[in-house]
Amino acid sequence: MLSLFSKGLVRGRVASNTTGVNIGGRPTTSIIRSYATTTSEQKQQQQVVGQSLRGKERLKTNLKVGDKLHGFSVVNVQDVPERQFNTFRLKHDVTGADYLHIDCEDKNNVFAVTFKTTPFDSTGVAHILEHTTLCGSKKYPMRDPFFNMLKRSLNTYMNAWTAPDHTSYPFGTQHEKDYYNLLSVYLDATFFPLLTESDFRQEGHRLEFEQLDNPESKLKFKGIVFNEMKGALSDPSGYFSEIAQQSLYPGTTYAHNSGGDPKDIPALSYQQLKDFHATYYHPSNAFFFTYGDLPVEQHLRYIEENALQHFKSPKQVDSKVNHVQRWDKPRRITVTCPPSAMDVNPERKHKLSISILHKDNTDIFEGLSMNVLSNLLIRGSNTPMYQALLESGLALDYTPNTGFDDNLHESSFGVGGTGIRKEDLEKVEQTIISTMEKASRDGFDSNVIESILHQYEFGQKDVSASLGLKLVGGLQSNWIHGGNPINRLFLNENIARLRKEIAAGPFFQNKLRQLLDNPHRLTITMSPDDTQQAREAAEEENVLLGIKSSLDSKQVETIVEQAKDLQQRQSQQQDVSSLPKLSISEIEKKQQKTPFIDEKIGSTDLRLFDFPTNGITYFRSMIDISTLPEDLKMYVPLFCSLFESMGAAELDHKQLDTEINLYTGRMNVSPMISTSPFNLDLVAERIYIKSAAINRNIEKMFSLLKKMMLENRWNNPDLLKNLLGQMQSSMIEGITSSGLSYARTYSSSQFSRAGQLSEKWHGLTHVKFTNDIIAKNDLNDIIAKLIAINKFILDRSLMRCSITTEKDTTELAKQQLSMFLQQFNENHTSMVNNEFQKSDNTGSSLPHYFAIPATVNYISKSYQGVNYSHEDSARLEVLSKVLSEYLHKEIREKGGAYGGGVSYASGSIGFYSYRDPNLAKTINAFNESIEWSQDKITLENVENAQLSIFADFDAPESPSNKGVAEWMRGITDEMKQQRRDRLLSINKNQLEEVSAKYLNPQKTSYTTVLGKPDTEIKGLSNKEWEYKELN
Ligand SMILES: [Zn+2]
C-alpha cells in the first residue's frame, strides 16, 4: 500500500470495474467498541462526529433538491434500487466544488477527493505533486503524515494515484472515528500541503554525488518518482501502453506521460511544482466522493469547516481536456522497446497494435455497448479475433491496449498482438482489419451474446467487500469530463436498452462499421532493441557528466550541502503526536465467530456457510494431491491453467468457454499449498477448484464441472501447443513486473516443503520448467502427464468441499453436489503428509543474483520463522511490521527505492525492497534494522504495528469469502481468538527476544536479487555471489 502511480488501476480494461458489482445486505458488526479521546484535536472531532447508528439501522440521508447545508446545495437526488443506493449530488456554494454521496448500509465507508490534473509535459509534475502533498501539511507539519497514518488507523484502504487526467486521494475504513481522523489528514494534505523543497527533492528528483560528500565521485540523479518511473517503463507492457496512448491523442494532455519520463523528470523545477498545486488543487477543480452508512451531513460540515471555508471565491481552472484534432487518414509509427526478461522466442519479438479513437466517454450507454462488443470480438476462445490472431499462431498474446477503454475523455478501441514474427507483421495488421470486417458483416452468435450479458448480470449480483473503493476508480473517469456519474450505476436499465437495440437491428455490426470507417486510426509496430537500455543509461551518464563539468565550486558545495541537509532531515526524530490516532484499546478484544455447519456427503467433507449472497451459490473444492507422484507434480500448474481451455465431452474448447460464461461466474482451478498451522514441515498439496452460479444455474454449473473432470479433451496436441505458447509469452512478459515475487519465492524455497513447492509451482524454477518442456516439444508426453493427473483426482475421498449460499438454497445445492460426487470413486489413496526433507546438498548458500533487463532491483532476504500456532508466531508478525517502519525510512526515504520492508508469511520472515536503485546499501539496511530491533523498539513502534496488523485482521470480507481462508488452512475461531489475544498483549521485550532468537547472524538466511545486469557482481561470481543471466 503505497502512494501509487497506478495507471494499471485506473486504466483497467475490465468492464466489470464499475458496471459489474453490486452491494447486497452485508451484516458486519462494528469492530470497535469505545471512543477514547486523547488529544484536543480528537476531542473536537468527537463533538462533530458523535456515535452514529450504523448499517441497516442508520438514519438514512433525507435531503431534497434545493436543500442547503454547511455551504453546499443539493442539486440532484436519485435512488438506485438495483444496488440499494440513495445518491445525492451537491455543489459547494462558494467554490463550485462537485460532491457525490452514496448512502447505503455498507459499513466500509469511503472518501475520495479528486482533482482534474492535466499536465503539458512529461516531467511528472502531477505525479511528483501527488507524492509531495502527502509529505506534511499546515496542521500536520511532520515528515510524511500519510505513511504515519497507515500505522495509526484501522483503514481498509489508503492510497493516492495519478492518472493521465486526474489525481485521486481515496481511503476506506469501517470505523467512524478513524474516518474523521483520516479525513482530517487527507483534507489538510491536499488543500494545505507544505510542499517543502527538500520533500520535492526526496520524492521527485535531485542531483547527488554517489558518495554524498565526495565531489570526486559520480554525479547521480536520485528521487523516489524518478526510480519508480524507471521501473514502470522497463516493464514492456507498461511501456507499450504508454506509447500507444501518447500517440493516439496528440496535442492533448494525454500525449504526455503524467507519471513522468525519467528523461524529462530532471527538468521540473520546484517552483513549477508549487505553481501546479496552486493551479489545480483548488476546490473549484475538485470532486468529492463519499460512500457508506455514515451520515453525509457530518461529512459536509467537516469538509466545510476544515477545508472549503478557507476559500473565499471560485477559481477559473483551465483543466479542460480538448478533443483530439481528428485525423483524415490513418497513421502509423514504428518504435523500439526494452527487451523481455528472457529470450526464449528470439524470432517472435515484435508487437503490433491498431487503435482507434472513438467517442466522448460521457455517454454511458455507448460505453457499455462498446464494452460488450469488445468482449464479443476479443475475449475468450469463442471470439473471432482470438481465433484469427492467437489460435492461428500469428501472435502469442494480446497487447495491453487491446479492448475498449473509456477512462480518458475520448474513448478508444484497440487490438494488437505480441510475440509476432517479423515477416508476419503485415499479415497481423491485415488480419485484425479483416476480422473486424467479417464480424461487421456476419454479426455474432446469439448464444455468445447471451453468455457475455450473463457475465454482467453475475457481476452485478456478486457482492464485493470493497465496492465503495471500486466506485472511486470507476465513476470519476466520466464525471470529471462533465458526465453524470450516477448513470453508470444503472446497469440493469442499460442492459435492457441494449437488448432492445440488439433485437431491433444489426447493432454491433453498425458499431464495428463505425470503427472501421474511422480514419483516426493508429498502427504501432514495436520491436525490442537490446541496446536501448544501455544506450539510455549512457545518455543519462553523459548528461550527468555534462552537468558535472559545468558546475562551479559553489554549485558543487550546494549539492553536497543539500544532500547532507536531506540526510539529516530524514534521520531526525519526528514529533507525530499531533496526528490523530486510534488507541489499541479501541480494537475489539473478542474474535467474531464465523458460523458454519460441517457435514459429510458419503465420505466427502462438506462445510456449509449461510450468508446473504444475493442469489448466488459459491462452490469450492480442495483435492489432496500429496500422494501424486513427484514427477507429475511439476505439471500441476500447467494442468490447472489448461483445465478450462481444452473442451470437455461434446463441447469443444470454444463451446465450453461460452457455456462457462453462460451459466457460471467463471471457474477457477489453481494449485494450492498450505502449511499446517502446527508444523511447518507438514504441508497440504492440493488442486483448488472454485466456481459460482446464480441459483437458477446450480445444476448447470455442476454438470459443466462434471464434464470437465470426467471427459476433459486433453488429447489435442495442436491446441495444447498453441496454449503453451501463449502461456509462456505472458509469463515472460511479466517477469520484470513480478521481479519481487520471484526473488521472494526463491529466497523462501530453502526453508520448508511449502517454500520448495512454491518455487516449483510459481517461481523461477517453474519458468525454467515451462521453457524446457516447450523447447522439447514432446506434446504427447505432456498430454499423458495431464491425463495422469486428471485420473488421480477423480477420487472423492481426496476431496473436501464447501458451499456458501442462502438458507433456502442449501438443500438444492447439497443435492446437486451429492449427484456430482457420485460420479467419482472412493479409492482412499493413502493420505500421507509430505514432510519436508532438507536435502543434504542445498547448493550454494551464496546470495543469488538473477540479471534481468531492468533498470532497478528487487531484493529479498529470508529467515526461518515458526508455525502459526507457535507462541512466537504473533510476535514475529508484529516484529516484521516494526522492522518495516524502520526500513521504510531507510529504503524509501533515504535510499530512493519505491518501497521496502519485512513481511511475515507461512513461517518465513522476508526482508524486501522493490524498484530499488541500490543493492549493498539496502542489504546493509536490512542488517541494521535487525540490530536496531534488539534494543531500540519503542512502545509507539509496537502500537503502530498492532494497529496496522488489525486493519488487515479485521478487514471486511464479502459473504462469498467469509470463513473460506480458515477452512482451507485448518484454522478455528478459537485459534483466531488465541492469535488475537497474543497480538494484543505483545510487549517490546518479547519483540527484542524474538529478534535475537530468529534474526541473529548465526541463523541461516537466503538472499535473492532480480536486478539490472551488474558487471561488478558478475565479477564476484562463485565467490561472494551466485550470478546468473536469466536468458
Ligand atoms: Zn508514485
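Q: Where does R666 lie?
A: R666 lies in the loop between α23 (653-663) and β24 (667-675). Helices (H or I, at least four residues) and strands (E, at least two) are DSSP runs, numbered from the N terminus. This is a predicted model, where local features need pLDDT of at least 70 and side-chain atom pairs count only at pLDDT 80 or more, while totals for chains, interfaces and linings use all residues. Residues are numbered from 1 along each chain as its sequence is written, and side-chain values use heavy atoms, with hydrogens and water left out.

Q: What is phi of R666?
A: Near 75°, a positive value in a residue other than glycine. Most residues other than glycine have a negative phi.

Q: Which class does R666 fall in, buried, partly exposed or exposed?
A: R666 is partly exposed, because its relative accessible area is 29%. Buried means under 20% relative accessible area, exposed over 50%, partly exposed in between (1.4 Å probe, protein chains only).

Q: And L195, where is that one?
A: L195 lies in the loop between α6 (176-191) and α7 (197-203). L195 has a positive phi of about 45° and is not a glycine. L195 counts as buried because its relative accessibility is 6%.

Q: Are H127 and H131 buried or exposed?
A: Both are buried.

Q: What about T123, where is it found?
A: In the loop between β6 (109-116) and α4. T123 is buried, with a relative accessible area of 6%. The C-alpha atoms of T123 and I587 are separated by 44 Å, and these two residues are 464 apart along the chain.

Q: Next, β9. How many residues of strand β9 are buried?
A: 8 of the 8 (residues 166-173), so β9 is largely enclosed by the rest of the structure. Both of its faces are covered, with H166, S168, P170 and G172 on one side and T167, Y169, F171 and T173 on the other.

Q: Which way do β6 and β9 pair?
A: Antiparallel, over 8 bridges. Two strands pair if DSSP finds at least two bridges between them. N109 has T173 in β9 as its bridge partner.

Q: How many bridges join β7 to β9?
A: 3, with strand β7 (residues 155-158) running antiparallel to β9. M158 has F171 of β9 as its bridge partner.

Q: And how many bridges join β8 to β9?
A: 2, again antiparallel, from strand β8 (residues 160-162). W161 stands opposite S168 in β9. β8 and β9 form a hairpin with 3 residues between them.

Q: On to β21. How many of its residues are buried?
A: 9 of its 9 residues, 616-624. One side carries I616, Y618, R620, M622 and D624; the other carries T617, F619, S621 and I623.

Q: Which strand does β21 pair with over 9 bridges?
A: Strand β25 (residues 682-694), in the antiparallel sense. M622 stands opposite Y688 there. β21 also pairs antiparallel with strand β26 (residues 799-805), over 6 bridges. S621 stands opposite C801 in β26.

Q: How is the protein chain divided into domains?
A: Domain 1 is 1-8 + 322-528, domain 2 is 74-243 + 250-320, domain 3 is 602-835 and domain 4 is 848-1028. These bounds come from an automatic or database domain assignment. Taken over C-alpha atoms, the centres of domain 2 and domain 3 are 41 Å apart.

Q: Last one. How many disulfides does the structure hold?
A: 0. A disulfide here is a pair of cysteine sulfur atoms within 2.5 Å. C104 counts as buried at 1% relative accessibility, and C337 at 2%.
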